[in-house]
Amino acid sequence: MNEANDTEVSEFVLLGLSASAPIQHFFLAVSTVFYVTILLGNLFVVFTVSFDPHLHSPMYFLLANLSFMDLCLSTLTVPKMISDLYSGHNAISFQGCVIQIFVLHVLGRSEMVLLIAMAFDRYVAICKPLHYLTIMNSWMCILLLSGAWAIGLIHSVAQLAFVVHLPFCGPNEIDSFYCDLPWFIKLACIDSYRMEFLITANSGFISTGSFFLLIISYILILVTVWKLSLGGLSKALSTLSAHITMVVLFFGPCVFVYMWPFPSVSVDKFLAILDFMVIPILNPAIYTLRNNDMKMAMKRLSSQLLSLRKIS
């Protein structure tokens with residue numbers, strides 16, 4: 001056996017988005033601005049919903065948790081990418097890579113379930129308004145959120161259980177700015193074709209299934225409203241347009257990565273930027289700037305913060 005096969009891999013090298021220095025500098029500036037915006041925007045949504053009693057309703061409870069998950073998902077990958085671009089040190093330890101994959105799948109699947117929960121909330125609000133507060137009570141909200149986290153945790157544990165003990169003896173280069181299962185399995189020192197197929201098929205099936213479930217649910221809402229009243233259809237379209245936009249943007253890269261996990265052109269890592277940098281900005285922007293209650297709450301919170309600053 002040669003020396004390469006006797007040495008276990010202790011770290012992976014993330015090749016990042018580009019090897020060109022000018023492009024790296026561009027991404028460093030853009031990603032820094034984007035992450036600061038993500039941090040401030042999503043924290044502002046979480047704090048606004050938490051401290052404004054006018055927003056203590058199921059829809060805003062779910063929205064605040066969506067912002068929290070978006071913030072966590074971005075924090076999992078973007079600060080590391082910024083650090084790598086700044087320092088030029090693109091390595092990540094084996095344990096760090098496994099942890100990143102684990103948390104990524106917990107957050108990703110939890111957010112998918114949360115989006116389904118938000119679609120259910122909109123269905124009840126639009127199609128059964130008289131029973132809304134009865135169905136979407138506090139216990140139901142906690143149950144939906146707990147279920148989202150539990151499903152994400154179970155999925156991630158099940159995925160990693162098959163791959164965490166794989167042998168790695170080189171090469172150790174990952175053509176991306178973060179660790180994920182398709183690339184991780186590809187580097188194993190065994191014939192991993194079957195495992196690659198099972199893992200990617202499982203994740204792809206879940207992502208695609210969740211996406212079509214959400215689209216079907218929105219179609220059912222629109223059909224139900226259309227049958228009840230024509231005026232209500234216009235209002236429902238306005239309400240659901242933001243949800244549908246976010247669903248398409250969120251699930252698009254996920255479906256692509258797992259339906260075509262090893263493309264000849266590395267477009268998947270650029271599509272991943274949508275999930276880690278673009279959507280976490282669009283979520284608070286679309287869900288809040290189009291919402292009068294959120295805009296009023298933000299004004300109240302801003303006024304309170306300014307008042308406290310003047311007093312101090």
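Confidence in this predicted model averages a pLDDT of 83 over the protein chain, and 88% of the residues reach 70 or more. The stretch to treat with care is residues 1-6, where the pLDDT is below 50. Beyond near neighbours in sequence, residues 1-6 make three contacts in the model. Where pLDDT is low, the predicted coordinates should not be read in detail.

- Three strands form an open sheet in the order 2-1-3, and their pairing is mixed.
- Strand 2 (91-93) and strand 3 (173-174) sit at the edges, each pairing on one side only.
- Strand 1 (residues 11-14) runs parallel to strand 3, and two bridges join them.
- Helix 4 (residues 94-127) lies across strand 1, strand 2 and strand 3, and its direction makes an angle of about 85° with strand 2.

**The second largest pocket**

- The second largest pocket holds about 220 Å³ of space.
- Its lining counts 16 residues, and those closest to the centre are V49, L55, H56, S57 and F61.
- Helix 2 (21-51), helix 3 (58-87) and helix 6 (138-161) are the elements that each give two or more residues to this lining.
- Helix 3 supplies the largest share of the lining, with five residues.
- Sorted by class, the lining of this pocket has 10 nonpolar and six polar residues, and no charged ones.

Definitions and conventions
Residues are numbered from 1 along each chain as its sequence is written. This is a predicted model: local features need pLDDT of at least 70, side-chain atom pairs count only at pLDDT 80 or more; totals for chains, interfaces and linings use all residues. Side-chain values use heavy atoms; hydrogens and water are left out. On a 1 Å grid over the protein atoms alone, a cavity is a set of points where a 1.4 Å probe fits but cannot get out, and a pocket is an open set with protein on both sides within 12 Å along at least five of seven lines; lining residues have an atom within 4 Å of a point. Grid points are joined across faces, edges and corners, and a volume is the space filled by probe spheres set on the points. Helices (H or I, at least four residues) and strands (E, at least two) are DSSP runs, numbered from the N terminus. Ala, Val, Leu, Ile, Met, Phe, Trp, Tyr, Cys and Pro count as nonpolar, Asp, Glu, Lys and Arg as charged, and the others, Gly among them, as polar. Two strands pair if DSSP finds at least two bridges between them. Contact means heavy atoms within 4.5 Å. Axes are lines fitted to C-alpha atoms, for helices over the stretch in contact, and angles run from 0 to 180 degrees between N-to-C directions. pLDDT is the predictor's confidence in each residue, from 0 to 100.
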